[in-house]
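Please read the following points with the sequence and the model at hand.

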Amino acid sequence: MSEHALPRKLNSALAASSRFSNAARDYDHHARVQKHSAQHLCQWLDQMLPADFNPKACVDVGSGTGFLTEHLLTKFPNSAVHAVDLAQGMLTELKRKFPTERLHTHQLNGEELAVEHLWIPNHSLLISGMCAQWFNNLEEAIRRWLSVSNTVAFSVLLDGSFQAWETAHEDTNQKSGLRRLPCDEDLQDMLQTLVAEGIAASTAHHTKDFLDHHPDGLSFARSLRAIGADQPRVNHKPVNLRKVISALGEGCTMNYHIGFYYLERP
């Protein structure tokens with residue numbers, strides 16, 4: 001069966017796996033915001049967790065090359081750490097960076113990760129950094145994550161990001177190809193629903209903006225490609241990129257509006 005004959009969801013996953021695998025070697029150099037966001041998630045998580053928190057195991061969903069994995073290996077030296085990523089290239093780079101027997105890698109779609117894919121002791125920690133914006137159904141993914149671990153913390157890129165890029169498209173009467181991003185209000189509703197259903201006992205959340213500076217719009221577009229994040233939304237029609245870059249001018253600053261969420265299972 002050809003790739004084009006595959007169901008759209010599977011076809012999209014295969015394309016994403018290929019893009020991110022190809023970007024693995026240079027990912028750390030280009031993923032500046034992803035690294036800063038991971039550091040912020042770790043600092044916030046240290047405030048949320050009890051001082052004596054000592055998980056039996058940890059899971060990093062959408063691990064990439066290990067911005068969060070490194071923290072887990074260092075913070076919890078007695079815990080097994082499971083890195084989950086759709087791209088084998090990312091996992092290969094991760095193992096190269098952290099050659100320890102405590103690290104276990106799994107080439108899986110993080111959106112579909114559930115207890116049947118990865119069984120770990122109940123007292124565990126699952127984290128994910130800037131991965132969930134690629135999911136088709138974030139709420140269902142979170143429900144599955146809570147079947148794997150009793151403590152979950154994640155960050156996600158939110159609606160309202162890349163305002164300068166979107167404005168440049170509007171000013172040139174074109175539509176941006178950026179994927180539709182989740183909004184914080186919907187995610188807060190999701191947390192409340194999980195608590196009301198008794199699936200989560202407590203939750204916390206906040207948002208933070210990160211700025212990434214580029215000499216021009218072309219540099220920004222190339223940075224997305226360099227980390228494998230340049231896949232446009234479905235049915236997007238190509239635009240005149242030169243017009244967009246001209247509208248942006250020099251000294252292009254992009255905002256990343258990121259949400260941070262924490263859940264504990266009863």
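1. Tyr262 is buried, because its relative accessibility of 2% falls under the 20% cut-off. The structure discussed here is a predicted model, and this value is computed from it.

2. The model contains eight aromatic pairs. In one of them, the ring centres of Trp44 and Tyr262 are 6.4 Å apart and the ring planes meet at 80°, so this pair is classed as edge-to-face. An angle over 60 degrees is what that class requires.

3. Which parts of the chain does the pair of Trp44 and Tyr262 tie together? Trp44 belongs to helix α3 (residues 32–48), whereas Tyr262 belongs to strand β7 (residues 250–264); the pair therefore ties together parts that are 218 residues apart in sequence. Trp44 is also buried, its relative accessible area being 10%.

4. Phe53 and Phe76 form another edge-to-face pair, because their planes lie at 75°, with the ring centres 6.0 Å apart. This pair links distant parts of the chain, 23 residues apart. Phe53 is in the loop between α3 and β1 (57–61), while Phe76 is in the loop between α4 (67–75) and β2 (80–85).

5. Are Phe53 and Phe76 buried or exposed? Phe53 counts as buried at 13% relative accessibility, and Phe76 is buried with a relative accessible area of 5%.

6. Ring pairs also join Phe135, Trp145, Phe154 and Tyr261 into a cluster.

7. A further point concerns a charge and a ring. Lys208 is placed over the face of Phe210, 5.5 Å from the ring centre.

Note on methods. Residues are numbered from 1 along each chain as its sequence is written. This is a predicted model: local features need pLDDT of at least 70, side-chain atom pairs count only at pLDDT 80 or more; totals for chains, interfaces and linings use all residues. Side-chain values use heavy atoms; hydrogens and water are left out. Rings of Phe, Tyr and Trp (its six-membered ring) pair if their centres lie within 6.5 Å; planes under 30 degrees apart count as stacked, over 60 as edge-to-face and the rest as tilted. Helices (H or I, at least four residues) and strands (E, at least two) are DSSP runs, numbered from the N terminus. Buried means under 20% relative accessible area, exposed over 50%, partly exposed in between (1.4 Å probe, protein chains only). A charge sits over a ring if NZ of Lys or CZ of Arg is within 6 Å of the ring centre and within 35 degrees of the ring normal.
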